[in-house]
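Biologist: I'm new to this one, and I'd like to go through it with you step by step. Could you show it to me first?

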Amino acid sequence: MPKIALVGYGRFGRALGALLEAADLGYRAMDPGAALPEAIRAGSVPELLEGAELVVVAVPVPQMREVLLALKPHLRPEHLVLDVGSVKVKPVEAMKQVLGAQAPWVGTHPLFGPLSLAMAERPMRVVVCPNPLHPDAAPRARRFYEALGCEVIEQTPEGHDRVMAETHALTFFVAKGMVDSGVAVDVPFAPASFKALSRTIETVRSDAGHLFTAIQQENRFATQARERLLEALQAIHRDLAALPAVASARQTEGMALPGLASGPPEPRETREHIDQLDRELVELLARRSELARRQSRAHAPEEPAGTKALFATRRAWAKELGLDPEEVEALFRIIVEAPGVG
Ligand SMILES: O=C(O)C(=O)C[C@]1(C(=O)O)C=C[C@@H](O)C=C1
């Protein structure tokens, strides 16, 4: 009998479902607004909760209260309710008001989503907010997330929202500003500094819509963070406009980034860069291995023609980059054929 009940099968719910399957954790899901595969679909709340230990509420933050009210009459003390919202003060308040001491509950925020899960990005981190009303709830949530391969960070709801206001909310704000101003979309080429931002722009563009508003509106620290950023940007804009056409080094000094006032950091030794790259190569191998496992679970083994094509593309890439195609193919043969890696 599935031990996990998933309420909400939107973008995050579906991605979480795939993660549960990969960890061999049985689940049942309910979402009146989504087409659910027959094998996991629950037609009613009692059916959804039957045998469940964990009830994961994966619905947009503004719908939390209503969903909790619908669950409440069916919850028993052995259930643990956890939310996965991108903000924490409001969902925790809602769980406190609606569920109180009746059933254990805990606020959590997985710091990953459909895009990062699809690319098997690691580490997967989750913020869990310990709940004084139900002291066992956070350790139970921790065990659940650790079984999925996540690292758990404990934080108060307010501490979480303060950090998210300065990070998540501002990043989405800047990215949406760039999208809405018409720049930064499908550019033919871009410098490295922009490439880092383009991933965020992609996230904002693929957002279901409610995520952006939840991150901004449901976090009471976000407005102030946005205002501070806008003021800082206006001041920089004014300072730039006030610079003479040919500015002296002394005149531009004030524009230097504060952290760089004492000069840029010393370039690192080549050896350190190689270590860093090797670390990234090993991380990429781990992600590749996870994706290959997913692929083999979902599809029949690759036909010889498919494997041949795979090596052919790697050879072509090697050639493009000035590497020996034979040697690169040999490396990929090892990667593909090694049982613990490919
Ligand atoms: O991986 C993705 O698809 C995400 O968008 C993940 C992402 C983000 O990085 O903004 C989105 C919302 C969550 O609250 C946390 C992480």
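Biologist: What makes Ala 120 partly exposed?

Modeller: The model is a predicted one, and the label comes from counting C-beta atoms. Ala 120 has 18 others within 10 Å. A buried residue needs 20 or more, and an exposed one has 12 or fewer, so with 18 Ala 120 is partly exposed.

Biologist: Where is Ala 120 found, and what is its phi?

Modeller: Ala 120 is in the loop between helix 5 and strand 6. Its phi is near 55°, a positive value in a residue other than glycine. Pro 123 is found in that loop too, and a cis peptide bond joins Arg 122 to Pro 123.

Biologist: How do you know that the bond is cis?

Modeller: From omega, which is about -5° for the bond between Arg 122 and Pro 123.

Biologist: Why is Asp 24 called exposed?

Modeller: Asp 24 has 7 other C-beta atoms within 10 Å. The label exposed applies at 12 or fewer, so Asp 24 is exposed.

Biologist: And what makes Leu 25 partly exposed?

Modeller: Leu 25 is found in the loop between helix 1 (11-22) and strand 2 (27-30). Its count is 16 other C-beta atoms within 10 Å. That falls between the 12 of the exposed class and the 20 of the buried class, so Leu 25 is partly exposed.

Biologist: Which residues does Leu 25 touch, not counting those up to four places away in sequence?

Modeller: Leu 25 touches Lys 3, Ile 4, Leu 20 and Ala 147. As for Leu 117, it is 92 residues from Leu 25 in sequence and 17 Å away in space, C-alpha to C-alpha.

Biologist: Why does Ile 274 count as exposed?

Modeller: Ile 274 sits in helix 12 (residues 270-298) and has 10 C-beta neighbours inside 10 Å. The limit for exposed is 12 or fewer, so Ile 274 counts as exposed. Between the C-alpha atoms of Ile 274 and Ala 5 there are 46 Å.

Biologist: How do you know that helix 10 is hardly covered?

Modeller: Helix 10 has 21 residues, and the count of buried ones among them is two. Helix 10 runs over residues 222-242. From first C-alpha to last it reaches 30 Å, close to the 30 Å expected at 1.5 Å a residue.

Biologist: How is the whole chain divided, and how many helices and strands does it have?

Modeller: The protein chain is divided into domain 1 (4-155), domain 2 (161-243) and domain 3 (277-337). It has 14 helices and seven strands. Of its 342 residues, 25% count as buried.

Biologist: How many residues are in contact between domain 1 and domain 3?

Modeller: Five residues of domain 1 are in contact with six residues of domain 3. On the domain 1 side, three are nonpolar, two are charged and none is polar. The C-alpha centres of domain 1 and domain 3 lie 35 Å apart.

Biologist: How many residues are in the largest nonpolar core, and which have the most contacts inside it?

Modeller: The largest nonpolar core has 60 residues, and Val 7, Val 55, Val 56 and Val 81 have the most contacts inside it. Domain 1 and domain 2 both give residues to this core, so it lies between them. Leaving aside neighbours within four places in sequence, the contacts of Val 55 include Ala 5, Val 7 and Val 81.

Methods. Residues are numbered from 1 along each chain as its sequence is written. This is a predicted model: local features need pLDDT of at least 70, side-chain atom pairs count only at pLDDT 80 or more; totals for chains, interfaces and linings use all residues. Domain bounds come from an automatic or database domain assignment. Two residues are in contact if their C-beta atoms, placed from the backbone, lie within 7 Å. Ala, Val, Leu, Ile, Met, Phe, Trp, Tyr, Cys and Pro count as nonpolar, Asp, Glu, Lys and Arg as charged, and the others, Gly among them, as polar. Helices (H or I, at least four residues) and strands (E, at least two) are DSSP runs, numbered from the N terminus. The expected span of a helix is 1.5 Å times one less than its number of residues. A nonpolar core is a set of buried Ala, Val, Leu, Ile, Met, Phe, Trp, Tyr and Cys residues joined through C-beta atoms within 7 Å.
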